Amino acid sequence: MTLRLKKIATIDTLEMKPRHYQENGNPDNGQGYNYLWQLIGLEKYSPEFEGMSIIKDGYAKEFYSTGHNGLFQRVRTTVREFEKTYCNGEFGALKAEVYGNICKDANRSLAQEQYYHKRNQGKPFHLLPLILKTSGGKAPAGKTEFYNLPLKSAMGKYYQSMTKKAIGEGWQDIVDQKFKGQSGWRLPVISKELKI
């Protein structure tokens, strides 16, 4: 099987403004994104990342309380955090190219995300140690969820996390961790049960 990659969106902090992803959606609709994106441009500001394919898998509610699209809000916020840490706060220094954006029941999306992280954090391609080393004590938000993976490999893992078996295992990981994520944060589950 050939894995075809399709860029869904490019998100930056200079051209893209919050009004561009204001959808006036209902933040209590119980839906959430499991998304995957690639950070572009960091090596220009921190040569330790030269030659790396910097990938993040994450979760966001479909809509924030402001009515903004959760995926765009969360990705843009994370890009901005990296700009503050590595680029002297320069707007538009970095960008994100989004390749995965599945929006389903929030618990299902969280299960997919937790499956992805439990099976990849701590591996040689997990970027947390390098981020901690290079961030001068100001590690950006989302730091635990970044990997140095070729995009096709990252997407293969992303698609694997969507299988019924993986979702079930990811949900069991959440239950076993008492509804906390791999980083110890309380997860925004919508109930104590999984709907597939």
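The legends below describe close-up views of a predicted model, in which local features need pLDDT of at least 70, side-chain atom pairs count only at pLDDT 80 or more, and totals for chains, interfaces and linings use all residues. Residues are numbered from 1 along each chain as its sequence is written, and side-chain values use heavy atoms, with hydrogens and water left out.

View 1. At the start of α1, the backbone nitrogen of Leu71 has a side-chain oxygen of Asn69 within 3.0 Å. After the helix comes Asn88, whose phi is positive, near 55°.

**View 2. The covering of helix α1.** Twelve of the 17 residues of α1 are buried, where buried means under 20% relative accessible area, exposed over 50% and partly exposed in between, computed with a 1.4 Å probe on protein chains only. Among them are Leu71, Val75, Val79, Phe82 and Tyr86, together with the charged residues Arg76, Arg80 and Glu83. The elements that cover these buried residues include strands β1 (9-12), β2 (31-40), β3 (54-61), β4 (95-105) and β5 (146-148), as well as helix α3 (128-134), contact being taken as heavy atoms within 4.5 Å.

View 3. Arg80 and Glu83 form a salt bridge with an N to O distance of 3.0 Å, the term requiring a side-chain nitrogen of Lys or Arg within 4 Å of a carboxyl oxygen of Asp or Glu. Because the two residues are three apart in helix α1, about one helical turn separates Arg80 from Glu83. Both Arg80 and Glu83 are buried.

**View 4. The salt bridge between Lys56 and Glu145.** The closest N and O atoms of Lys56 and Glu145 are 2.4 Å apart. This pair links distant parts of the chain, since Lys56 belongs to strand β3 and Glu145 to the loop between α3 and β5, 89 residues apart. Lys56 and Glu145 are both buried.

**View 5. The salt bridge between Lys165 and Glu169.** In helix α5 (residues 164-176), Lys165 and Glu169 are four residues apart, about one turn of the helix, and their side chains meet at 2.7 Å, N to O. Lys165 is exposed, with a relative accessible area of 61%, whereas Glu169 counts as partly exposed at 27%. Salt bridges with shared partners join Lys118, Arg119, Lys165, Glu169 and Asp173 into one network.

Terms used: A polar contact is a pair of N or O atoms within 3.5 Å; within protein, one must be able to donate a hydrogen and the other to accept it, and residues adjacent in sequence count only if both atoms are side-chain atoms.
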